Amino acid sequence: MNQTNHKSYAKVVDNGVQAVEAVNELRNTGYRYEDVFVLAHDQDRTDRIADTVDAKEIGIKEEGVFDSLANLFRSRGDELRAKITSLGFTDTEADFYEKELDQGKVLVIAKKA
């Protein structure tokens, strides 16, 4: 499922190689470094993919201080859904994407400036 709303675009890919391709496509269409994010269910995998594709991870700037601190006490699924909604997606969309991440997929998000 690829989703576009008024704030962000998301694409679910099967692996890191496809994430690299998706990020490159976004950059070729004009998205800047600070506009592109990657997210995987496993934090280490998110870190590795973000480093490889030179993309951002969703952090305090995007989530806000309260949600970032709350994530320290949330389950990984709740944390992922909070990160996804912080970029403008609905709770329903966040639920869908988190389930895809549970299956080992990677989420590439581009936030419109």
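1. Helices α5 and α6 pack at an angle of about 130°, their axes 9 Å apart. That makes α5 oblique to α6. Axes here are lines fitted to C-alpha atoms, for helices over the stretch in contact, and angles run from 0 to 180 degrees between N-to-C directions. Angles under 35 degrees count as roughly parallel, over 145 as roughly antiparallel, 65 to 115 as roughly perpendicular, and the rest as oblique. The crossing of α5 and α6 is right-handed. A crossing is right-handed if the near helix is turned clockwise from the far one by less than a right angle, and left-handed if anticlockwise.

2. Some ground rules. This is a predicted model: local features need pLDDT of at least 70, side-chain atom pairs count only at pLDDT 80 or more, and totals for chains, interfaces and linings use all residues. Residues are numbered from 1 along each chain as its sequence is written, and side-chain values use heavy atoms, with hydrogens and water left out.

3. The overall plan. The protein has six helices and four strands. Helices (H or I, at least four residues) and strands (E, at least two) are DSSP runs, numbered from the N terminus. Read from the N terminus, the order is β-β-α-β-α-α-α-α-α-β. Of the 113 residues in the protein, 44% are buried. Buried means under 20% relative accessible area, exposed over 50%, and partly exposed in between (1.4 Å probe, protein chains only). Among contacts in the protein with a separation of 6 or more, 61% join residues 24 or more positions apart. Contact means heavy atoms within 4.5 Å.

4. Back to the α5–α6 contact. Which residues meet there? From α5 come Gly77, Leu80, Arg81, Ile84 and Thr85; from α6 come Asp91, Ala94, Asp95, Tyr97, Glu98 and Leu101. By class, this contact has five nonpolar, two polar and four charged residues. Ala, Val, Leu, Ile, Met, Phe, Trp, Tyr, Cys and Pro count as nonpolar, Asp, Glu, Lys and Arg as charged, and the others, Gly among them, as polar.

5. Helix α5 (residues 76-86) is mostly covered, with eight of its eleven residues buried. The buried ones are Arg76, Gly77, Glu79, Leu80, Ala82, Lys83, Ile84 and Ser86. Gly88 follows α5 and has a positive phi, near 105°.

6. Is Glu98 buried or exposed? Glu98 lies in helix α6 (residues 91-102). Glu98 is buried, at a relative accessible area of 7%. Leaving aside neighbours within four places in sequence, Glu98 is in contact with His41, Gly77, Leu80, Arg81 and Ile84.

7. Arg81 is in α5 and counts as partly exposed, at 21% relative accessibility. Leaving aside neighbours within four places in sequence, Arg81 is in contact with Ala94, Asp95 and Glu98. Arg81 and Glu98 are 17 residues apart in sequence and 6.2 Å apart in space, C-alpha to C-alpha. Glu79 is also in α5. Glu79 is buried, with a relative accessible area of 15%.

8. The axes of α1 (residues 16-28) and α2 (residues 43-53) come within 10 Å and cross at roughly 45°. The two helices are therefore oblique to each other. The crossing of α1 and α2 is right-handed. Gly16, Ala19, Val20, Val23 and Arg27 in α1 meet Arg45, Ile49, Thr52 and Val53 in α2. The residues of this contact divide into five nonpolar, two polar and two charged.

9. Now the cores. A nonpolar core is a set of buried Ala, Val, Leu, Ile, Met, Phe, Trp, Tyr and Cys residues joined through side-chain atoms within 4.5 Å. The largest has 15 residues, of which Val36, Val38 and Val108 touch the most other members. At least two residues of this core come from each of α1, β3 (36-40), α2 and β4 (106-111). The largest share, four residues, comes from α1. A second, separate core of 13 residues includes Leu80, Phe89, Ala94 and Leu107.

10. Not counting residues up to four places away in sequence, Val108 touches Tyr9, Ala10, Lys11, Val13, Ala19, Ala22, Val23, Leu26, Val36, Phe37 and Val38.
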